[in-house]
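Hi everyone, thanks for making time. I'd like to walk you through one model today, going from a single residue out to the whole chain. Here it is on the screen.

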Amino acid sequence: MTLTRSVLSIVAYAAMVGGLAVAGVLAARMPGLRLTMMTGPSLPLDVRAQPDEAGPERDREGAEADDAPRDVFPAGEEGGLRDEVTLWQAVASSRTIRPGQARSSLRAWLWGERGLTGEILLTSKQVRVGRGAKSDVVLTDPTVSREHATLTYANGAWWLLPAITSNGTWLNGTVVQPGESRVLTDGALLQFGLHTEVRMFIPPALAQPELVFATAARSTPGTRPQDSDRLQVIEDAHLATAQLLVIADGVSDRPSPHIAARTAVDEVARSPAEAPLPEVVERVNGYILSIGSDALQHQGMATALDVVRLARDEVRGWWLEGAHVGDGQVLLQDNLGIHRMTGQGTVGGRLADVDPDRAAGLAADPDYHRLTAAVGLDTEVDAERWWAYADHEQRLVLTTDGLISALGSDGVREVMRQHRAAAPDEVADTLIQLAIGARAAQNVTVIVSDIAIRDD
């Protein structure tokens, strides 16, 4: 991971590179963006966005949400979204998967209102509805397709996912298009085809069992040549406990990247478990800066940092809380797909959030992949925050930017899809071996963690 800083204003920088639109577009399209004036021999760029500036999500696949914006609801506050929203809209509005609603029970019922009599108990997390014999809920209505829709439990809620059909799917009288997903609430009226209506009853969730992280973590130093005194030094650090995941990636073009990463992980581990994550990140930032002020050889060291905590309270039950600084990624995999929980931390990534076409045209510019934020860079650090309901069988993947550089975001996602049923250690091994095979130039560290029920 590399970080550079700018000695030019946004206008001067854009002029210097002969019309490079990154700075201009970012300034015009992201009002909270500022360029920090700093000294440096290579005229690098330091771009930061205010934490409340949101950009659109892009490149979604079906119900999967990819690049979420910067905007989050602080932990403990509830979002103001209406009850029925698509997963993408929920993520793009708040980076919480499903804000503003109480957790629903996995056990739910369908009651026939028209074209179906009696009730059907739902006990699995995926229920296929259709006319085909392989459906979990078989309907005889000839206007219902063989594979008409799926009811899926994920992120503390039931969701409706229509298939491509001739006669449509409705929720409370409103058509739901194929590829969309809608949160289902107690009493929701579902219509499949032209003649079948059922009402869904969803009680509040019962107390959940104790949840823990079941984790595997792997690292490789990459193939980039290093100075003799830093031979084979891994500039990343990580920590995985039953309820805490931490990954740090030292900034390689600054002093002591491996010390910055290890210091960050150690300080997170020493922080009180109840401490708010923004305070934890501020503490890490302050400690890294203090080391630099006490020892000149470490002055200026910095690191990217991702922290994920598994917590429980009376309102949300078990939930995931995250803090993000830098260019790493956190991906959450569940029955709905793969969701990127962290924002983009590079100049080009920020531009892609607001203008993907322009970003694609500037991808070859040397400043496109420059880091926009790191812990230890400044006296203040703005950590992005996110949260989602935690459920048994969800999977988290935390990775440094080296893996994304080697395999690409699509490559990482494809491995996650193909190995969904594999154990975390197998997935972590696969990702590292693929990165080595792609001759990853940078350090690569990956954490693969399943949310499991504690086995005492």
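Let's start with Val330, which is found in strand 19, residues 329-334. Helices (H or I, at least four residues) and strands (E, at least two) are DSSP runs, numbered from the N terminus. Before going on, a word on the source: this is a predicted model, where local features need pLDDT of at least 70, side-chain atom pairs count only at pLDDT 80 or more, and totals for chains, interfaces and linings use all residues. Residues are numbered from 1 along each chain as its sequence is written, and side-chain values use heavy atoms, with hydrogens and water left out.

Is Val330 buried or exposed? Its relative accessible area is 0%, so Val330 is buried; buried means under 20%, exposed over 50%, and partly exposed in between, with a 1.4 Å probe and protein chains only. Leaving aside neighbours within four places in sequence, Val330 has contacts (heavy atoms within 4.5 Å) that include Asp306, Met341, Trp386 and Leu398.

Now for a residue on the outside. Glu380 sits in the loop between helix 7 (356-361) and strand 21 (384-389), and Glu380 is exposed because its relative accessible area is 61%.

Finally, the whole chain. Its secondary structure comes to nine helices and 23 strands, and 55% of its 456 residues count as buried. Among contacts between residues at least 6 apart in sequence, 65% join residues at least 24 apart.
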